[in-house]
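Reader: Hi, I have a model open here and some questions. Can we go through it together?

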Amino acid sequence: MKTMTDFRAMLEEDAFPDVGESGMASEQPRFRPVALDGPLQLAGAIYALRMIRGAKLHTKIVKRGTIREPDLLSLVGLELLPSSRRETLTPSQLLLVMSQQEARLTRRGMPSLRNLDRNIAQIGGILKLSRAEVSVLRLAVIVSRVEAFQELFKVRAGLLQSFFSMVQHGVGIKPRDIQKALASGGALRRAGILQPGLSYVYGNHPLEMDDEIATLLLAPCFDEKVLLRHVLCVSPSPSLTMQDYPERLDISMLRRYLRVAIKARREGVNILIHGATGTGKTEFVRALAHDLGSELSEVPTEDSSGDPISGEKRFRSFSLAQNLLASKRGQLLLFDEVEDVFGSEASLSPFGLTLRSGGDRIGKGWLNQTLESNPIPTIWVCNSISSFDAAYLRRFALSLEFRGPTGAFRRRVVDRHLDEDLISQESRAKLVAMEQLPPASIQRIAGVLRALKSPHQADRDREAEEVARLALQVMGRSAQSASAPLPSHYDPAFLNTNPDITGLATGLSGRRAARICLYGPPGTGKTAFAHHLAKVLDVPLHLKRASDVQSMWVGQTEKNIARAFQAAREEGALLLIDEADSFLQDRGNAHRSWEVSQVNEMLTQMESFEGIFIASTNLMDSLDAASLRRFDFKVHFDYLTREQRRSLFARVAVDAESHGGANHGRDRLDRMGSLVPGDFTNALRQLKVLDQPPTQARLLELLEAELRFKPGANQRRIGF
């Protein structure tokens with residue numbers, strides 16, 4: 001049996017193969033040491049040699065033929081002489097060579113990596129890393145910089161316990177401590193230093209780490225600020241102030257609560273803000289932080305290349321930031337777009353569609369623990385909470401819903417960014433009327449106008465409205481205002497109602513609480529009267545059409561009904577639900593359970609609403625009897641009377657006075673018994689498009705045309 005002495009010649013500084021008389025190379029393979037480029041490579045070689053010896057990888061290396069890979073030998077500072085025959089190498093020979101190389105390299109001990117060791121000690125103190133985690137982190141940094149480790153890790157790819165054994169022998173730590181340090185729930189992975197998961201396949205291994213963090217740990221001086229910039233971004237200055245937002249009880253409570261929590265440095269302070277896209281949630285958080293005098297940092301959604309960051313990785317960055325900022329006062333964190341953290345995602349498997357929650361990917365225990373102990377108050381923002389686990393929702397101290405900027409709020413934003421010197425009052429009113437226009441878009445409109453520098457206000461008006469239209473178009477929203485302004489000829493005197501509503505506005509000005517049903521044929525002025533009433537009472541009007549409230553999802557329509565009443569209650573608005581018969585149909589005719597539940601929800605909300613609620617319908621006969629009892633006023637809107645037709649015609653016809661009032665064509669007008677105010681509005685709109693004056697002749701022609709399109713108009717009895 002050969003001893004170490006027999007193979008001593010296999011590893012020499014000037015090793016050469018022995019050549020016999022035949023000129024053939026010796027059967028005994030010989031190796032030669034090669035230079036290692038610096039202390040990192042030297043430390044890597046020592047770690048690798050310990051792994052090979054301790055985990056008994058020499059047999060596997062020889063059997064797999066991995067010794068043919070020059071990277072593996074260069075990792076440990078060796079090369080096989082060209083004349084040596086690799087196929088003659090035995091596992092025992094390789095083990096002896098590796099052992100001798102390890103003894104040679106460790107004569108002076110493990111090389112000192114002062115910068116790395118000092119920086120790891122510093123971050124270890126911040127993250128409260130164990131001795132095993134510090135050792136694993138040191139190894140991970142070296143592995144990230146010595147690429148040849150990939151060849152060594154391929155030797156036992158797929159066998160996780162073998163990898164643990166390799167790391168154990170490399171750093172000299174107990175196996176259970178190594179497993180704990182490398183676990184998915186360990187501090188190194190939770191902080192985002194090591195990549196998530198314990199994947200050990202070709203090309204992947206559990207020591208893979210964030211490259212930028214590795215660079216920071218190798219720097220001459222560890223800079224926490226640089227690391228923070230890697231996991232967080234500084235929030236931009238707000239374009240609005242808290243004075244721009246409506247006075248809501250929940251907003252007032254939030255301001256007071258955060259002020260106390262920040263001062264007392266309370267742990268586990270988490271706020272949830274949710275609502276549809278474009279409702280100004282993120283801008284509100286920035287304004288709130290500025291109001292509190294706090295520094296706001298945000299968890300980024302994209303990396304430096306512009307690629308999206310997964311929710312799991314963002315949460316790990318957030319966890320690291322919480323540790324780095326733990327001792328800092330007056331700090332707030334914003335975590336936007338949190339659906340991929342707390343929500344569920346669908347995936348298709350051979351067994352069908354499955355849902356996997358963010359908690360399953362990250363770890364529910366870790367999520368819950370974070371929400372209960374995070375040292376820096378955090379505001380979490382999302383568009384929808386429908387897929388959130390209730391276990392997470394109940395851990396938020398306060399939850400605020402943003403339903404969209406009110407008209408008053410949009411007006412304040414427009415006034416702030418688009419003054420009268422920039423665009424006209426009429427154009428500003430049009431922007432305010434666009435209910436789906438986000439506040440941030442208004443600010444961008446101002447920036448575009450100032451960049452274009454158009455000299456004429458009319459041009460700037462058109463540009464402002466076009467920029468708004470394009471912004472809404474790209475978001476898939478409508479640029480139309482929720483409610484058209486009242487026509488210039490509007491006058492309640494041209495409403496034919498029963499009972500008379502002349503004194504209704506006066507009565508409501510004192511006690512602003514009533515439930516009113518307006519019913520009658522289309523175009524008789526029901527919706528316009530609600531606009532008029534809101535204007536007289538000087539209150540906002542919230543108009544909801546059936547299409548705004550109805551949803552394809554079971555139960556969502558009921559939620560939308562409740563939200564409509566709640567939004568009107570918070571703003572002190574007059575709530576008008578057009579086509580209300582969709583939600584107040586006779587329950588005796590219902591065929592599905594959700595048809596009944598929608599009526600029940602509407603009745604419940606009507607009963608508890610203390611403001612002014614108006615329901616308009618063209619189908620009074622189909623309403624549920626219980627809903628009729630709940631209306632304080634049931635007002636019928638009918639066709640215009642003869643005198644109303646004559647008076648309205650005389651008011652809008654430009655040549656009425658030259659023809660002695662509306663006498664010209666009076667007989668034709670008197671025969672139009674089905675005319676409604678909406679017919680006059682349509683006729684005037686057509687003339688405006690055609691750029692024609694509203695003469696009596698043209699008006700009569702267009703009004704008669706309107707009547708021809710009405711169902712049953714030809715069969716209607718004509719008379720006074």
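Reader: Which residues gather in a patch of negative charge on the surface?
Author: Glu212, Glu302, Asp303, Asp307 and Glu337 do. This is a predicted model, so local features need pLDDT of at least 70, side-chain atom pairs count only at pLDDT 80 or more, and totals for chains, interfaces and linings use all residues. Residues are numbered from 1 along each chain as its sequence is written, and side-chain values use heavy atoms, with hydrogens and water left out.

Reader: What makes a patch?
Author: Patch residues have over 30% relative accessible area and no salt bridge. Like charges are joined within 9 Å, and nonpolar side chains (Val, Leu, Ile, Met, Phe, Trp, Tyr) within 5 Å. Asp and Glu count as negative, Lys and Arg as positive; His and the chain ends are not counted. A charge is placed at NZ of Lys, CZ of Arg, CG of Asp or CD of Glu. Areas come from the Shrake-Rupley method with a 1.4 Å probe, and for residues only the protein chains shown count as cover.

Reader: Where is Glu337?
Author: Glu337 sits in the loop between β6 (331-335) and α16 (339-342). Helices (H or I, at least four residues) and strands (E, at least two) are DSSP runs, numbered from the N terminus. Glu337 is partly exposed, at 47% relative accessible area. Buried means under 20%, exposed over 50%, partly exposed in between (1.4 Å probe, protein chains only).

Reader: New topic. How many salt bridges are there?
Author: The count comes to 29 salt bridges. Each one is a side-chain nitrogen of Lys or Arg within 4 Å of a carboxyl oxygen of Asp or Glu.

Reader: Why can such side chains pair?
Author: Side chains of opposite charge can pair when their charged atoms come close.

Reader: Which residue does Glu312 meet in a salt bridge?
Author: Glu312 meets Arg316, at 2.9 Å from N to O. Both lie in helix α15 (residues 311-324), four residues apart, about one turn of the helix. Are they buried or exposed? Both Glu312 and Arg316 are buried.

Reader: And what does Lys710 pair with?
Author: Lys710 forms a salt bridge with Asp679, the closest N and O atoms being 2.6 Å apart. Lys710 lies in the segment after α33 (696-708) and Asp679 in helix α32 (residues 677-689), so the pair ties together parts 31 residues apart in sequence. Asp679 counts as buried, at 4% relative accessibility.

Reader: Which residues are linked in a network of salt bridges?
Author: Arg642, Glu643, Arg646 and Asp670 are.

Reader: Now the backbone. Which peptide bond is cis?
Author: The bond from Asn498 to Pro499 is cis, with omega near 5°. Pro499 is in the loop between β11 (496-498) and α24 (504-510). Most peptide bonds are trans, and most residues other than glycine have a negative phi.

Reader: What is the phi of Lys453?
Author: Phi of Lys453 is near 55°, a positive value in a residue other than glycine. Lys453 is in the loop between α22 (439-452) and α23 (457-474). At 67% relative accessibility, Lys453 counts as exposed.

Reader: Last one. What is Ser135 in contact with?
Author: Leaving aside its neighbours within four places in sequence, Ser135 is in contact with Val171 and Ile173. Contact means heavy atoms within 4.5 Å. Ser135 lies in helix α6 (residues 131-145) and is buried, with a relative accessible area of 18%.
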